[in-house]
Amino acid sequence: IWICIAVGLVGLYLLCMDGSFSLAIGDTYVLVCAIVFAIHIIAVDYFIQYADGVKLSCIQLFTSGIISLVLMFAFETPDVSTILDAAIPILYLGIMSSGVAYTMQIIGQKYAEPTIASISMSLESVFAALGGWLISGNVLSVREFIGCAVVFAAMGITFEESNFFVESFKETGAIDRTVMFVNLANDPAVERISTSDCDEKLFAA
């Protein structure tokens, strides 16, 4: 998986940087945001095992909304007419980009490792760049197109490695044992289980 991370970082560098490692103030903000986003992915990976994904998303969005509302009045001077002028973009951002997208992310993370999830989400930069090129007429350099391709390659390597490990687990019977273990754990008639119990069930089958 470290190969995928390295390839993804190279692709993002080609896509986002101009050939140097100097960071402007905006780049620093994005870097801090990426660190917080990584912490968010790890936190979701932990809590999604104990909570419903939709409820977790609603709590997250409600909490974020309250904090943002307080910060808005603390650092900004909101104007109703300005908000109404931007009503459609605000509604799209709130409903689709935040509500729907984050809910799907949380539900999807229940079935994906945090590392694979983070590499998958790095495609956000790629689709943003390609969307700007296709829809808004932004100009992308050859370097930036190569960066997009490299990030896609990192994704391909990630899924290929995932399929390899899945096949390995199938060959060794690890998946069958895991499924059997979960089934026994959910059986109210079974008070205590062990891997030997799983093996006995598998051999009996």
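This is a predicted model: local features need pLDDT of at least 70, side-chain atom pairs count only at pLDDT 80 or more; totals for chains, interfaces and linings use all residues.
Phe152, with a relative accessible area of 38%, is instead partly exposed.

Phe127 and Phe152 form an aromatic pair whose ring centres are 5.9 Å apart and whose planes stand at 85 degrees, an edge-to-face arrangement. This pair links distant parts of the chain, since Phe127 belongs to helix α7 (residues 123-136) while Phe152 belongs to helix α8 (residues 142-172), and the two residues are 25 residues apart.

## Aromatic pairs and the tyrosine cluster

The structure contains four aromatic pairs. One of these joins Tyr46 and Tyr50, whose ring centres lie 5.4 Å apart with an angle of 55 degrees between the planes, so the pair is classed as tilted. Ring pairs also bring Phe47 into the picture, linking Tyr46, Phe47 and Tyr50 into a cluster.

## A nonpolar surface patch

Leu91, Tyr92, Ile95, Met96, Val100 and Met104 make up a nonpolar surface patch of about 620 Å². Among them, Tyr92 lies in helix α5, which covers residues 87-109, and with a relative accessible area of 53% Tyr92 is exposed.

Note on methods
Residues are numbered from 1 along each chain as its sequence is written. Side-chain values use heavy atoms; hydrogens and water are left out. Rings of Phe, Tyr and Trp (its six-membered ring) pair if their centres lie within 6.5 Å; planes under 30 degrees apart count as stacked, over 60 as edge-to-face and the rest as tilted. Helices (H or I, at least four residues) and strands (E, at least two) are DSSP runs, numbered from the N terminus. Buried means under 20% relative accessible area, exposed over 50%, partly exposed in between (1.4 Å probe, protein chains only). Patches are made of residues with over 30% relative accessible area and no salt bridge: like charges are joined within 9 Å, nonpolar side chains (Val, Leu, Ile, Met, Phe, Trp, Tyr) within 5 Å. Accessible areas come from the Shrake-Rupley method with a 1.4 Å probe; for residues, only the protein chains shown count as cover. A salt bridge is a side-chain nitrogen of Lys or Arg within 4 Å of a carboxyl oxygen of Asp or Glu.
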